[in-house]
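Colleague: I have a structure open and would like to walk through it with you. Could you help me find my way around?

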Amino acid sequence: GSATVTITITGTEDQVVITDTSTSLIENDVVQTATGRLSLTDADDIVATVLLQNNIAGHYGRFSINTNAEWTYITNSALDDLDAGEVVTDTFTVQTTDGATAQFVVTITGSEDIAQLTSAWVVITERDQVQVASGQLLVSDADDMASIVVPQNNVAGALGQFEIDAQGLWRYRMNDNADALD
């Protein structure tokens, strides 16, 4: 004899696979905006869309995504406080209408911000004695790194000697031969 075997296959919802879920930025002294689009792949051809998110706060910026999976990330600031090579991330959860989720990761790498040094302009009036001027130059560094002035000792100039220490304290001492000036 023969027999008939009936096999029943019942389909289940296959969740969308979400890819292209990361971006990278390099800190560059300005507020940055990154944009892109996630890729959605659905094995059972049921159309799923991304759930709308608007202006979601992360630690370093804000994230938005529309139902077409088009995203925007805007940094909160120029992020100048990041040191050269320092890497930080912001992570956001993205969800689709069929319940799939993925983590969207923004990686930000710090760059070197050049320290700023104040300057000084000093006028010394020649008199019958050696004149000395002093002051302090200040260093500021957006990276919050401990920037220092390169110390210099007894640097000879045409009319005197200059010195400065690592904290920016400087001193200029005129030579005795400045008496020859008119």
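Modeller: We will go through the sheet, the aromatic rings, the cores, the hairpins and a few single residues in turn. Please keep in mind from the start that this is a predicted model.

Colleague: Fine, sheets to begin with. In what order do the strands of the open sheet of 3 strands come?

Modeller: The order is S2-S9-S8, and the pairing in this open sheet is mixed. Strand S2, residues 22-26, and strand S8, residues 87-95, are the edge strands, since each of them pairs on one side only. On average, and with direction ignored, neighbouring strands of this sheet are turned by 15 degrees against each other.

Colleague: And in which sense do S8 and S9 pair?

Modeller: Strand S9 covers residues 101-109, and its pairing with S8 is antiparallel, with 9 bridges. If you want a place to look, find Thr91, which stands opposite Val105 in S9.

Colleague: Changing topic: how many aromatic pairs are there?

Modeller: The count comes to 5 aromatic pairs. One that you can look up is formed by Trp71 and Phe104, whose ring centres are 4.7 Å apart and whose planes make an angle of 55 degrees, which makes the pair tilted. This pair links distant parts of the chain, given that Trp71 belongs to strand S7 (residues 70-75) and Phe104 to strand S9, 33 residues apart.

Colleague: Why do you give me both a distance and an angle?

Modeller: I give both because a pair of aromatic rings is described by the distance of the centres and the angle of the planes.

Colleague: Are Trp71 and Phe104 buried or exposed?

Modeller: Both Trp71 and Phe104 are buried. They also belong to a cluster that ring pairs build up from Phe63, Trp71, Tyr73, Phe92 and Phe104.

Colleague: What about the largest nonpolar core, how many residues has it?

Modeller: It has 23 residues, and those with the most contacts inside it are Leu38, Phe63, Trp71, Tyr73 and Ile108. Strand S6 (61-65), S7, S8 and S9 each supply at least two residues of this core, and the largest share, 4 residues, comes from S9.

Colleague: What does Leu38 touch, then?

Modeller: Leaving aside residues up to four places away in sequence, Leu38 touches a list of residues that includes Ile18, Ile65, Ala69, Trp71, Val94 and Phe104. There is also a second, separate core of 5 residues, and among them are Leu137, Val149, Ile164 and Trp170. As general background, nonpolar side chains in soluble globular proteins tend to be buried together.

Colleague: Ile164 sits in a strand, I think. How many bridges join S13 to S14?

Modeller: There are 3 bridges between strand S13 (residues 152-156) and strand S14 (residues 160-164), and the two run antiparallel. Your Ile164 in S14 is the bridge partner of Gln152, and a hairpin through 3 residues joins S13 to S14.

Colleague: And what does S14 form with S15?

Modeller: S14 and S15 form a hairpin too, with 4 residues between them, and Gly168 in the turn has a positive phi of about 90 degrees. Strand S15 covers residues 169-174 and pairs with S14 in the antiparallel sense over 5 bridges, one place to check being Gly160, whose bridge partner in S15 is Met174.

Colleague: Now some single residues. Why does Thr75 count as buried?

Modeller: Thr75 counts as buried because its relative accessibility is 4%, and the cut-off for buried is under 20%. Its place is in strand S7. A polar atom of the Thr75 side chain lies 2.8 Å from the backbone nitrogen of Gln32, and the side chain of Thr75 also reaches the backbone oxygen of Ser77 at 2.9 Å.

Colleague: And Asn54, buried or exposed?

Modeller: Asn54 is exposed, with a relative accessible area of 60%, and you will find it in strand S5 (residues 53-57). Not counting residues up to four places away in sequence, Asn54 touches Phe63 and Ser64, and a polar contact of 3.3 Å joins the side chains of Asn54 and Ser64.

Colleague: Last one: where is Gln131 found?

Modeller: Gln131 is in the loop between strand S10 (116-117) and strand S11 (132-136). Although it lies in a loop, Gln131 counts as buried at 11% relative accessibility. Tyr172, Arg173 and Met174 are among the residues that Gln131 touches, when those up to four places away in sequence are not counted.

Definitions and conventions: Residues are numbered from 1 along each chain as its sequence is written. This is a predicted model: local features need pLDDT of at least 70, side-chain atom pairs count only at pLDDT 80 or more; totals for chains, interfaces and linings use all residues. Side-chain values use heavy atoms; hydrogens and water are left out. Two strands pair if DSSP finds at least two bridges between them. Axes are lines fitted to C-alpha atoms, for helices over the stretch in contact, and angles run from 0 to 180 degrees between N-to-C directions. Rings of Phe, Tyr and Trp (its six-membered ring) pair if their centres lie within 6.5 Å; planes under 30 degrees apart count as stacked, over 60 as edge-to-face and the rest as tilted. Buried means under 20% relative accessible area, exposed over 50%, partly exposed in between (1.4 Å probe, protein chains only). Contact means heavy atoms within 4.5 Å. A polar contact is a pair of N or O atoms within 3.5 Å; within protein, one must be able to donate a hydrogen and the other to accept it, and residues adjacent in sequence count only if both atoms are side-chain atoms. A nonpolar core is a set of buried Ala, Val, Leu, Ile, Met, Phe, Trp, Tyr and Cys residues joined through side-chain atoms within 4.5 Å.
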